[in-house]
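This report describes selected local features of one protein model.

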Amino acid sequence: MRARYGVPLGITAVGAATLAYAAGFEARSFRLRRVSVPVLPPGAKPLRVLQVSDIHMVSGQRKKQRWLQSLAGLRPDLVVNTGDNLSDPEGVPEVLDALGPLMQFPGVYVFGSNDYYGPKPRNPARYLLEKVQGKHGLNGNPPVVGAVHNPWEELRDGFDAAGWLNLTNTRGNLKLRDGFDLAFTGLDDPHIKRDRYAEVAGGPSPSADFSIAVVHAPYLRALDAFTADGYPLMLAGHTHGGQVCIPFYGALVTNCDLDTDRVKGLSTHTHGGHRSYLHVSAGCGANRYTPVRFACPPEATLLTLTPKA
């Protein structure tokens, strides 16, 4: 009896312990990553950019709220929010409360699919199947039916009231300290086919000191367009860094057509004879129906932009 059932029971115990760790500890083990990116014009002063992404707020997540509030102590020059703030239609007040201290600083934002639509229970194995089939989000899959609509307008109004710049398929500028003129070009979420690059095409602003491209999901069509137009830096989220990774191997999926080697962190992207830096945030949350992380802690990133060599 002991020989027959010992191995299955052992596997079950290890699986239960891993799940408890992934959901009970790592999913709430918030980290700050620091990255230096040499992209600014020669002679420019370093610029501190705090990127927050994929908060996926659910009512009652007090530790996550306190951690986000504490990031204001970094005193960034700029905050970039790359979307998917919600995982609960009731979560808007808590997102605005958590980001309240950060909204004292200049900021920009784009939305992700979970800002517009509430999540549904989903078999995680479908992400692997979609990777094999080359289908992601609404890109090749049938339209979603019966989706819960999140109150994204309230979120937008809260960000706008704080002075954050809405980059939904549009361009804009912010004047930072010392009169540094920073230009932005943003896209709505490619994961649900809301991106309209033709409306923002044309490349970096010639009158600005520096230009940044912002999008939620790093689909190749968006990255290719930004890079071919000559943007030196692109910021994105969406991937959760793979969310459940294999130690010493990495992510299995990105939930888009980006390769797993660039699922999070700083990398480069080449297209049309141009090369751009790409930073993908692993985000600090998870879908409310899969509230786990393994070998991929939740994070925000402080990017220090420095002059090019």
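## Terms and basis

A residue is called buried under 20% relative accessible area, exposed over 50%, and partly exposed in between, using a 1.4 Å probe and protein chains only. Accessible areas come from the Shrake-Rupley method with a 1.4 Å probe, and for residues only the protein chains shown count as cover.

The model is predicted: local features need pLDDT of at least 70, side-chain atom pairs count only at pLDDT 80 or more, and totals for chains, interfaces and linings use all residues. Residues are numbered from 1 along each chain as its sequence is written, and side-chain values use heavy atoms, with hydrogens and water left out.

## Salt bridges

Side chains of opposite charge can pair when their charged atoms come close. Here a salt bridge is a side-chain nitrogen of Lys or Arg within 4 Å of a carboxyl oxygen of Asp or Glu. The structure holds 12 salt bridges. One of them joins glutamate 299 and arginine 33, at 2.8 Å from N to O. Glutamate 299 lies in strand 12 (residues 299-307) and arginine 33 in strand 1 (residues 31-40), so this pair ties together parts that are 266 residues apart in sequence. Helices (H or I, at least four residues) and strands (E, at least two) are DSSP runs, numbered from the N terminus. Glutamate 299 is buried at 5% relative accessibility, while arginine 33 is partly exposed at 25%.

Arginine 194 and aspartate 188 form another salt bridge, with 3.0 Å between N and O. Arginine 194 is partly exposed, at 27% relative accessibility, and aspartate 188 is buried, at 4%. In the bridge between arginine 262 and aspartate 259, the N to O distance is 2.9 Å. There the arginine, residue 262, is buried with a relative accessible area of 13%, and aspartate 259 is partly exposed at 32%. Salt bridges also link Lys45, Asp77, Arg177 and Asp178 in a network.

## Helix packing

Helix 2 (residues 62-70) packs on helix 3 (residues 92-99) at an angle of about 35°, and their axes are 7 Å apart. The axes are lines fitted to C-alpha atoms, for helices over the stretch in contact, and angles run from 0 to 180 degrees between N-to-C directions. Helix 2 contributes Arg62, Gln65, Leu68 and Gln69 to the contact, and helix 3 contributes Glu94, Asp97, Ala98 and Leu99. Contact means heavy atoms within 4.5 Å. By class, this contact has 3 nonpolar, 2 polar and 3 charged residues.

## Two buried residues

Aspartate 88 sits in the loop between strand 3 (78-81) and helix 3. It is buried, at 7% relative accessibility. Leaving aside residues up to four places away in sequence, aspartate 88 touches Met57, Val58, Ser59, Asn150 and Arg288.

Serine 113 belongs to helix 4 (residues 113-116) and is buried, at 10% relative accessibility. With residues up to four places away in sequence not counted, serine 113 touches Asp84, Asp189, His191, Ile192 and His216.

## Surface patch

Leu128, Ile246, Tyr249 and Leu252 form a nonpolar surface patch, with about 380 Å² of accessible area together. Patches are made of residues with over 30% relative accessible area and no salt bridge; like charges are joined within 9 Å, and nonpolar side chains (Val, Leu, Ile, Met, Phe, Trp, Tyr) within 5 Å. Tyrosine 249 is in the loop between strand 9 (233-236) and strand 10 (265-271). Its relative accessible area is 61%, so tyrosine 249 is exposed.

Conventions. Ala, Val, Leu, Ile, Met, Phe, Trp, Tyr, Cys and Pro count as nonpolar, Asp, Glu, Lys and Arg as charged, and the others, Gly among them, as polar.
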